[in-house]
Amino acid sequence: MLSEVLPTALNGLVWAMSVFLVASGLTLIFGILHILNFSHGGFVMIGAYLAFTVTNRVPGTASVAAFLGIAVACAVAVGAMGLVVDRVVFRRLKGVDDSYSLVATYALLLLCEGAVKSGWGGNFLSMSPPEGLGGALFVGDLFVPSYALFVIAAGVAVYLALDLWLHRTASGRILKSVALDPWMASLLGINVTAIFTVAVVAGFALAGLAGGLLAPNQSLSPALGGTYIIQAFGVIIVGGIGNVRGAFLAAVLLGLVDAFGTVYVPEFPGIFFFVAVAVIILFRPQGLLSGIR
Amino acid sequence: MSLIQAHGLTFAYPSVRVLKDVAITVEANESHVVIGPNGAGKTTLFKVLSGEIFPQAGSIRYDGEDVTRLDAWQRVHRGIGRTFQVARLFGEQTVLNNVVLALECRERINGSSAGRWWRLTPARALQEEAMERLASYGLDRRAGDAAATLSHGDKKRLELLLTLALHPKLIMLDEPTAGMAPEDRRAVVALINRLREEEGLTLLLTEHDMEVVFGLATRLTVLNYGEIIASGDPEEVRRDARVQEIYFGKGGGHA
Amino acid sequence: MPHPPQSRPFGVLTPLAAGLVLAAFATLPFWAGKGLVFLAGIVLVQIVFALSFNLMFGLTGLVSFGQAAFFAAGAYASAWLARSAPGLPFILSIAFGAAVGAALSFLIGLVALRRASGIYFAILTLALGQLIYTVIGKTTALGREDGLIGIARPVLDFGLFRVDLATGDRYYFLLVVAAAIISGALWWVWHGSLGRILAAIRQEPERVRFLGVDVRRHREYAFLISGTMTALAGALMAPWSQIITPMIAHWSYSALPILFCLLGGSARFWGPAVGAIVFAGLEHGTRNMTGMAELVVGGALLLVVLAMPGGILGTLARLSGRPAREGAR
């Protein structure tokens, strides 16, 4: 019995943490700026392609340390793109309807897809995990790929870091006060525009990091951005949009629902994610947790 | 005869109770003004009475019928009209088309079709009626302009005109003179008094300006922290000790 | 979307331009190659798709990201019926497609509009649309991931004579006629009394509510009409492309009409048609360069959204010194 449940739960958790890595930056940006960034998955994809290229071009990058270093470099690179996107696009979307900025950032997603297609082509690419994460462990009878454990650990680590940042540091509290009431914050002498920029760069850096960490064991294709963003939308809406803790909970919940659903109704794999998202929006439209946390 | 009888109205947002067991009646053909400090719950009371939101407890009878669970549009069908603190108009449309749309809605409510169903333009009779109504409010010169371009006072008048186009029995006016110049305020007071005296309308209002309040109220209710602390003849309410204390207490007649 | 619905930004120019475009479509097989005729047929279907969508989007102000579900419902339902009962009159399979789309949009509209608005409505329709996409891709009777192939172009039986739409460009001409008729019907809804109420709901729903109108019911009407007409467009496309795959239910297909509406100008009835034609031109012009289509389309959309919110038609009207004004309806 347990031997059937555990692998499924593990699959669910791996899915959950990958999607949380993608969703964390998305929900952070929405929490502060109230822009639902359709292109977020596109920038995760760009992070993954960058990691792919660096790993393949630069010799001696097969170690775990190099892998982590590359992921951080991707975070920096994509974070810098966030700086540009903030200047050129997001600042012009202040105060427009949420659904309108959804459409504007959809245009950015198209640009990401176009950039990836022209830079790397439309074919599937793949890279392997670094040495040391390519194997597997046996936990009792359970066969666990090391990379799967790594993804789970990375998701938890990013969550804890974000949670600590938002709740335990002065800069996190400033971010939250801007999210609650930008006008009031500006009266208190906070440079709101700068805080918005910080949030966008942090959100984009999280996208780049997610791309770098998730690049292995993944077929890289220009459609990846769209796939990521749809899953991330579901997770942040269910979690309570703008809420990092909620996104973490929702990712775990939806990951488990989808994994077990696929085991018990194998005819329609992947359907339970959408069913769960629809049902939760219908009965708890504000999500599991609301407000920025 | 009481047009509105409401009892035990309670409304709470997740963190605050805005209305606590409020009872209010509105008699036919009276001009009933609700006053109270900011945050007293006036607008919430309006929303509950007009059907914009439903109370968590309590009941509302309108003209003898229980309307507690009827949505705003259903109450409009029964003769309730409402204006907002900040006038809500169709800003992109012309002033004329705003009125024509209201008249078309009236025809729908009455079940009479406004012209043939396949016609693209509104019936000529409605366009003419709309122009007449605009003329009687001095807005006919602006008939072809987008409603968004009207002055603040004209917007409020147009909104009142839209509401009156439906031939309501009771109209609820949320701060009808907010943001107006003194002479405009006096004009509104005169207009509202005329509606009550000549057209037999019943009015429920909120208002901040004490000159306006005492210029048109036939009954005054004071709301404070979600509770009614006094209700009755305006002069008596003004003399009420508690009202004096919490409302007029600190220097003068403004909230 | 923030601009007034308006049908005749240029007075007499709009019907003239519409007539010219219609004439260009109608005469295309006489002066253009087969490839272009095929593309034009797809564009005609997409025009109907986008005009239907805009009734809900530009007129009523509802942003749905699941419209492809209705397109796919119409295409799959009609193609499935035509394949299962080959002798059935063409009109019945088309009607069946529209009916399935109507039923689906009625149900989804009922549920989604009751419970969600704004961004939640967008994501909810997206999730429900993806649900339908997944189901289609896993249903054997609908060909799973491969879709339905070899969909026959029908024979119209008028009793006295029969018209075989499989020969020559006949099905293309049927598409021209059908697109013109459906666009005309949508134009009438947009400009009629229902259209006026829907436009009012977009601008100030609370005022409409206090004019005694059941706002949610009217949003449901817009959603239903839009979904049904979209399904009709899907049903018309199946015999033209002769192959349909689950991609027409995918969310990226739902994004197409949004793109067309914004490019052309969602505030005007013909905006989405202009958007669809321009989009096809951009895509056709960049078809040989990998990734260029996305870059050009994405760049154009971003430019339109940030710098010219009225879309192509709105900008043209502004340049010609005829800013949108409701009085000219």
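How many of the 293 residues of chain A count as buried? The share comes to 53%, where a residue is buried if 20 or more other C-beta atoms lie within 10 Å of its own, exposed if 12 or fewer, and partly exposed in between, with the C-beta atoms placed from the backbone. The model behind this value is a predicted one, in which local features need pLDDT of at least 70 and side-chain atom pairs count only at pLDDT 80 or more, while totals for chains, interfaces and linings use all residues. As for labels, residues are numbered from 1 along each chain as its sequence is written, and chains are lettered from A, with ligands numbered from 1, in the order in which they are written.

Chain A is built from 11 helices and two strands; these are DSSP runs numbered from the N terminus, with helices (H or I) of at least four residues and strands (E) of at least two. Reading from the N terminus, the elements go α-α-α-α-β-β-α-α-α-α-α-α-α. A compact globule of 293 residues would have a radius of gyration near 19 Å, and chain A agrees because its own value is 19 Å. That radius is taken over C-alpha atoms, and the globule rule is 2.2 Å times the number of residues to the power 0.38. Along its principal axes, the C-alpha trace of chain A spans about 60 × 50 × 35 Å. Take the contacts in chain A between residues at least 6 apart in sequence: 80% of them join residues at least 24 apart. Two residues are in contact here if their C-beta atoms, placed from the backbone, lie within 7 Å.

Now for the two strands of chain A. Strand E1 (residues 136-139) of chain A pairs with strand E2 (residues 142-145) of chain A in the antiparallel sense, over four bridges; two strands pair if DSSP finds at least two bridges between them. Within this pairing, Ala136(A) sits opposite Pro145(A) in E2(A). The hairpin of E1(A) and E2(A) has two residues between the strands, and Gly140(A) takes a positive phi near 65° there.

Chain C has 13 helices and four strands. For its 329 residues, a compact globule would have a radius of gyration near 20 Å; the 19 Å of chain C agrees with that. The C-alpha trace of chain C spans about 50 × 45 × 45 Å along its principal axes, and buried residues make up 56% of the chain. Of the contacts in chain C between residues at least 6 apart in sequence, 75% join residues at least 24 apart.

Next come the places where chains meet. Between chain A and chain C, 36 residues of chain A are in contact with 35 residues of chain C. On the chain A side, helix H4 (98-120), helix H9 (224-239) and helix H11 (271-283) each supply at least two residues. The largest share, 15 residues, comes from H4(A). By class, this side of chain A holds 23 nonpolar, eight polar and five charged residues. In this sorting, Ala, Val, Leu, Ile, Met, Phe, Trp, Tyr, Cys and Pro count as nonpolar, Asp, Glu, Lys and Arg as charged, and the others, Gly among them, as polar.

The contact between chain B and chain C takes 25 residues from chain B and 19 residues from chain C. On the chain B side, H2, strand E6 (80-83) and helix H3 (95-110) are the elements that give two or more residues. H3(B) provides the largest share, six residues. The residues of this side divide into 14 nonpolar, seven polar and four charged.

Chain B itself is divided into domain 1 (2-89 + 153-248) and domain 2 (92-149), with bounds that come from an automatic or database domain assignment. Their C-alpha centres lie 27 Å apart. In the contact between them, 10 residues of domain 1 of chain B meet 13 residues of domain 2 of chain B. Helix H5 (residues 152-164) of chain B gives the most to the domain 1 side, with five residues.

Chain C averages a pLDDT of 89, pLDDT being the predictor's confidence in each residue, from 0 to 100. Confidence in chain C is lowest in strand E2 (residues 155-157) of chain C, at a mean of 83, and highest in helix H9 (residues 215-241) of chain C, at 97. Over residues 1-10 of chain C, pLDDT stays under 50.
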